[in-house]
Amino acid sequence: MKRKLGLLALTMLMASIFCLPFQASAASLTVGSKGSEVGDLQERLYMLDYYKGSITKYFSASTKSAVAAFQKGAGLKADGVAGSVTLHALHKVTVDRSDLSRMARVVNAEAKGESYKGKIAVAAVILNRTKANGFPGTIRGVIFAPSAFSVVSNGQFWDMPTVSALDASKDAAKRIDPTHGALYFYNPKLTDSKWMKSRPVIAKIGNHVFTK
């Protein structure tokens, strides 16, 4: 299932995307390269189920094979070299470890008891906001914006996220969005905000209503 979701996202690489702005490295990453950039590459490939090894921060033969497999799936030249084009494509369908953890914490706190689809939906709202006018352009900025999420202010954000919350955040990072672009969500049984309830509803998933 995860593999299929990854492949679905890769076919939409040229579409509008939900991730942090990409800063291209001056040099390509290839066999023998070392450092944090290689570690980040391995983590992103691992997220998409292309890389199976440990995060070594060393560009090994297995890392090259994973890069080539990703390139093939993305319709790029499958040479196993992580140049600017490949890295840009990879960043389109992934987020880095820190932001993934932040998203998972919000999902864990906001969507406890919700279905897996409901968890993906909450993560998707975070990513949708990074591309919308009036919101910070980064995942961290969206999450920690004043009064953006009550679970941040009441401390529930800091609870350890479940595996399900983490997996749902990964799927949202692959452009899986069951809300169809929602920017807000609420539980009508717990919310008395007239402003929130006045927003146009675009999806109802579990106990949450998703709006623009």
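1. **The α5/α9 crossing.** Helices α5 and α9 cross in a right-handed way. (A crossing is right-handed if the near helix is turned clockwise from the far one by less than a right angle, and left-handed if anticlockwise.) The pair is α5, residues 97-110, and α9, residues 163-173, packed at an angle of about 120° with axes 8 Å apart. That angle makes α5 oblique to α9. For the wording: under 35 degrees counts as roughly parallel, over 145 as roughly antiparallel, 65 to 115 as roughly perpendicular, and the rest as oblique. Axes here are lines fitted to C-alpha atoms, for helices over the stretch in contact, and angles run from 0 to 180 degrees between N-to-C directions.

2. **Before you read on.** This is a predicted model, so to speak of local features takes pLDDT of at least 70 and side-chain atom pairs count only at pLDDT 80 or more, while totals for chains, interfaces and linings use all residues. Residues are numbered from 1 along each chain as its sequence is written, and side-chain values use heavy atoms, with hydrogens and water left out. Helices (H or I, at least four residues) and strands (E, at least two) are DSSP runs, numbered from the N terminus.

3. **Who touches whom in α5/α9.** On the α5 side, the contact (heavy atoms within 4.5 Å) is made by L100, M103, A104, V107 and N108. The α9 side brings A165, L166, S169, K170 and A172. Sorted by class, this contact of α5 with α9 has seven nonpolar, two polar and one charged residues. (Ala, Val, Leu, Ile, Met, Phe, Trp, Tyr, Cys and Pro count as nonpolar; Asp, Glu, Lys and Arg as charged; the others, Gly among them, as polar.)

4. **Helix α4.** Which residues of α4 are buried? In this helix, residues 84-92, the buried ones are T86, L87, A89, L90, H91 and K92. (Buried is under 20% relative accessible area, exposed over 50%, and partly exposed in between, with a 1.4 Å probe and protein chains only.) Those buried residues pack against α2 (36-47), α3 (61-74) and α9.

5. **α3 against α4.** The axes of α3 and α4 come within 11 Å and cross at roughly 75°. That makes α3 roughly perpendicular to α4. From α3, the residues V67, F70 and Q71 meet T86, A89 and L90 of α4. By class, the contact of α3 with α4 has four nonpolar, two polar and no charged residues.

6. **The sheet.** Three strands form an open sheet in the order β1-β3-β2, with antiparallel pairing. (Two strands pair if DSSP finds at least two bridges between them.) The edge strands, β1 (184-186) and β2 (201-205), each pair on one side only. Ignoring direction, neighbouring strands of this sheet are turned by 25° against each other on average.

7. **Strand β3 and its partners.** Three bridges join β1 to β3, residues 208-211, and four bridges join β2 to β3. Across from β3 residues, Y186 stands opposite V209, Y184 opposite T211 and I205 opposite H208. In a regular strand the side chains alternate between the two faces of the sheet. Both faces of β3 are covered: H208 and F210 are buried on one side, V209 and T211 on the other. The hairpin of β2 and β3 has two residues between the strands, and G206 in that hairpin takes a positive phi near 60°.

8. **Two positive phi values worth a look.** Most residues other than glycine have a negative phi. S147, in the loop between α7 (139-143) and α8 (150-153), has a positive phi near 65°. R175, in the loop between α9 and β1, has a positive phi near 75°. Are these two buried or exposed? S147 counts as exposed at 78% relative accessibility, whereas R175 counts as buried at 17%.

9. S33 belongs to the loop between α1 (2-10) and α2, and is buried with a relative accessible area of 17%. Leaving aside neighbours within four places in sequence, S33 is in contact with S28, V38, K57, Y58 and F59. L127, in helix α6 (residues 116-130), is buried too, with a relative accessible area of 1%. The C-alpha atoms of L127 and G137 are separated by 9.3 Å, and the two residues are ten apart along the chain.
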